[in-house]
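Visitor: I am new to protein structures. Please show me how to read one.

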Amino acid sequence: MKLYFAPGACSLAVHIALRETGATFEAHQVDLATHTLADGGGNYFEISPRGYVPLLEFDDGSRQTEGTALLQYLADLDPSQALIGAPAGRRRLAVTQWLTFVSTELHKTFSPWLWHKETADSTKRDAKLKLAARFADMDRHLATREFLAGDYSVADAYGFTIVNWSNFLGIPLSDFPNLRAWMARVSERPAVQQALRAEGLLKD
Ligand SMILES: N[C@@H](CCC(=O)N[C@@H](CS)C(=O)NCC(=O)O)C(=O)O
């Protein structure tokens, strides 16, 4: 498998899941400012017509996108399904609920601001207010739990990736101690450390 990623982008969640499940993969870096491949400058739109990461390319050359779908697929490759839970089970429902929450309530509130610094101040203000309300929800939820859906899951990898964008945009998490403790717990996982290091986001 090949993973197309950009450092710290939402593709980091898929990168983490690949490492958590021990899958064999090659990582190909994309420059999202120019939509070119970092290793050779090829046009990324020829690989991903929307120009988005993450994208997984399989050994037969077929390509699939949409982070939440890729995370569920990768979690299911592990026979234990520890990162997602059994089909039709309550844990599966909780994990997919949190994946959807992260995608629709957090990810798409942060972007396009994250990728377009010229975003109007009024839009940034609205985004910050909505994110603060959602972070407060998560903080309450995490007051009595270590992870979003019981044990660690792909929802935590995705949530960590997106909440981490607060650092890039200078959004303080000081009002959310349980959220910060959860971020720290997720960041300590060896697969997360490896993915952050491989993307150049952690220095020795
Ligand atoms: N619906 C896609 C969205 C992916 C997405 O927003 N990717 C961003 C990085 S986090 C991107 O590649 N942006 C580049 C662009 O907008 O040109 C998914 O959930 O996987």
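**Reading the chain**

Guide: This is a predicted model. Among contacts in the chain between residues at least 6 apart in sequence, 63% join residues at least 24 apart.

Visitor: How many helices and strands does the chain have?

Guide: There are eight helices and five strands. Along the sequence they run β-α-β-β-β-β-α-α-α-α-α-α-α. The radius of gyration is 17 Å, close to the 17 Å from the globule rule for 204 residues, so the chain is as compact as a globular protein of that length.

Visitor: What does the C-alpha trace span along its principal axes?

Guide: The span is about 45 × 45 × 35 Å. Buried residues account for 31% of the 204 residues.

Visitor: What should I look for in the backbone?

Guide: Start with the general rule. Most peptide bonds are trans, and most residues other than glycine have a negative phi. Now look for departures from it.

Visitor: Which residues does a cis peptide bond join?

Guide: Val53 and Pro54, with omega about 0°. Pro54 sits in the loop between β3 (36–37) and β4 (55–57).

Visitor: And where is a positive phi found in a residue other than glycine?

Guide: At His35, where phi is near 55°. His35 belongs to the loop between β2 (26–31) and β3. Ala88 is not a glycine either, and its phi is positive, about 70°. Ala88 lies in the loop between α2 (67–77) and α3 (90–110).

Visitor: Is Ala88 buried or exposed?

Guide: Count the C-beta neighbours. Ala88 has 7 inside 10 Å, so Ala88 counts as exposed. The cut-off for exposed is 12 or fewer. His35 has 17 other C-beta atoms within 10 Å, so His35 is partly exposed.

Definitions and conventions:
Residues numbered from 1 in each chain as written. Predicted model: local features only at pLDDT ≥ 70, side-chain atom pairs only at ≥ 80, totals over all residues. Helix = DSSP H or I, 4+ residues; strand = E, 2+ residues; numbered from the N terminus. Rg over C-alpha atoms; globule rule 2.2 N^0.38 Å. Buried ≥ 20, exposed ≤ 12 C-beta atoms within 10 Å, placed from the backbone. Contact = placed C-beta atoms within 7 Å.
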